[in-house]
Amino acid sequence: MRIESDIKLGFKDVLIRPKRSTLSSRSQVDLVRTYTFVNSKRTWKGVPVIAANMDTVGTFEVAKALAEHKMLCAVHKHYTLEQWQSFVDEADDSIFDHIMVSSGTSSNDMAKLNQLMTAHPKLQFICIDVANGYAEAFVEFVRKVRQQYPDVTLIAGNVVTGEMVEELILAGADVVKVGIGPGSVCTTRVKTGVGYPQLSATIECADAAHGLGGLIISDGGCAIPGDVAKAFGGGADFVMLGGMLAGHDESAGDLVEVEGKQYKTFYGMSSATAMSKHAGGVAEYRASEGKTVKVPYRGPISATVLDILGGIRSTCTYVGALSLKELSKRTTFIMVREQENQVFGKE
């Protein structure tokens with residue numbers, strides 16, 4: 001047993017210090033990034049915000065809506081091959097720049113992934129997603145997928161420390177997904193005591209990835225647009241959102257009415273709800289590590305997207321960053337004991 005005594009930080013622990021700026025309008029800020037991936041050698045251009053590969057968020061409908069804003073969607077892995085076929089038949093070819101195919105690491109997952117990639121060779125992103133990216137078997141699976149798909153951009157996670165980021169990139173990942181326990185419907189930290197505050201994880205993992213030419217996704221922990229800006233300020237190349245994109249027309253989940261107000265169901269992918277739906281229930285050797293909640297119905301997702309992107313642009317104007325690329329270079333975090341004034345409640 002050992003103790004690390006330096007404090008690790010989440011988004012609630014800091015604010016971004018403003019700096020002198022020459023920008024006169026938020027409209028001057030460019031949020032588009034261009035990346036060339038270290039292993040696939042592909043180049044991608046767009047706004048690096050991703051809808052999480054959760055049942056209720058990573059839907060085809062969300063993918064189409066976010067593509068209009070040059071954003072990405074990690075499509076959840078539970079769609080059938082027939083549903084994929086219908087989606088691809090209806091969509092424009094440009095959609096392939098904005099969707100990721102999600103996969104687990106079981107033999108069934110691999111078989112389905114192979115079928116999907118064979119049927120739709122224009123797919124260019126694979127997201128290998130597990131709760132615990134520290135297993136040796138996971139690293140071997142990443143290596144296997146890289147060997148089989150040398151030209152596909154490969155995302156792998158989740159981890160929270162630099163040494164595992166480096167190992168996954170060396171195994172073939174182009175982008176590493178960072179985050180254990182920060183999600184709004186994740187209870188891993190409660191059930192296991194394991195985790196890492198998301199801002200510190202992002203800063204440390206970005207440093208490790210960038211040293212090898214790789215990239216990271218900050219996955220989880222964002223509750224407001226300012227948190228997304230903090231993740232980018234901390235060095236994240238992409239930011240993945242779950243709860244912030246739940247509850248919309250394009251999101252899945254049952255629409256229910258409670259005392260005259262409408263809500264949509266939102267649940268973690270390690271929750272009892274998800275495991276009952278996809279695995280017949282919670283296995284006796286494990287615990288549920290997610291919760292099921294009702295999110296207020298929010299209407300079309302476009303309004304939320306514009307609010308998030310507008311917040312990031314505003315952050316850039318406060319620190320003098322002409323583009324999203326410059327934000328991390330212009331960011332100075334200050335540790336604080338307060339965030340917003342909540343005398344009239346949260347927004």
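Q: Contact here means heavy atoms within 4.5 Å. Which residues does Gly 157 touch, not counting residues up to four places away in sequence?

A: Gly 157 touches Ile 128, Asp 129, Val 130, Phe 138 and Lys 177. The model is a predicted one, in which local features need pLDDT of at least 70 and side-chain atom pairs count only at pLDDT 80 or more, while totals for chains, interfaces and linings use all residues. Residues are numbered from 1 along each chain as its sequence is written, and side-chain values use heavy atoms, with hydrogens and water left out.

Q: Why is Gly 157 called buried?

A: A residue is buried under 20% relative accessible area, exposed over 50%, and partly exposed in between (1.4 Å probe, protein chains only). Gly 157 has 0% relative accessibility, and therefore counts as buried. This residue is placed in strand 8 (residues 153-159); strands are DSSP runs of E with at least two residues, helices are runs of H or I with at least four, and both are numbered from the N terminus.

Q: Why does Thr 265 count as buried, and where does this residue lie?

A: Thr 265 has a relative accessibility of 17%, so it counts as buried. Its place is in strand 13 (residues 261-267). Leaving aside neighbours within four places in sequence, Thr 265 is in contact with Thr 56, Ala 252, Gly 253, Asp 254, Thr 292 and Val 293.

Q: What makes Ala 303 count as exposed?

A: The relative accessibility of Ala 303 is 51%, so the residue counts as exposed. Ala 303 is found in helix 10.

Q: Which residues does the UniProt annotation "binding site" cover, and which does UniProt list for "active site"?

A: According to the unreviewed UniProt entry, "binding site" covers Gly 181 and Gly 183. For "active site", the unreviewed entry lists Cys 186. Such positions follow the numbering used here, feature names are shortened, and annotations may be inferred rather than shown by experiment.

Q: How do you know whether Gly 181 is buried or exposed?

A: Gly 181 has a relative accessible area of 12%, and therefore it is buried. This residue is found in the loop between strand 9 (175-178) and helix 6 (188-192). Leaving aside neighbours within four places in sequence, Gly 181 is in contact with Cys 186, Thr 188 and Arg 189.

Q: Why is Gly 183 called partly exposed, and why is Cys 186 called partly exposed?

A: The relative accessible area of Gly 183 is 27%, so Gly 183 is partly exposed. Cys 186 has a value of 26%, so Cys 186 is partly exposed. Gly 183 lies in the loop between strand 9 and helix 6, and Cys 186 lies in the loop between strand 9 and helix 6.

Q: What makes a set of residues a nonpolar core, and which members of the largest one touch the most other members?

A: A nonpolar core is a set of buried Ala, Val, Leu, Ile, Met, Phe, Trp, Tyr and Cys residues joined through side-chain atoms within 4.5 Å. The largest nonpolar core has 105 residues, of which Trp 84, Ile 99, Ile 126, Val 142, Val 228, Phe 238 and Leu 241 touch the most other members. The largest share of this core, seven residues, comes from helix 10 (residues 301-319). In soluble globular proteins, nonpolar side chains tend to be buried together. Leaving aside neighbours within four places in sequence, Leu 241 is in contact with residues including Val 49, Ile 50, Val 228 and Ile 308.
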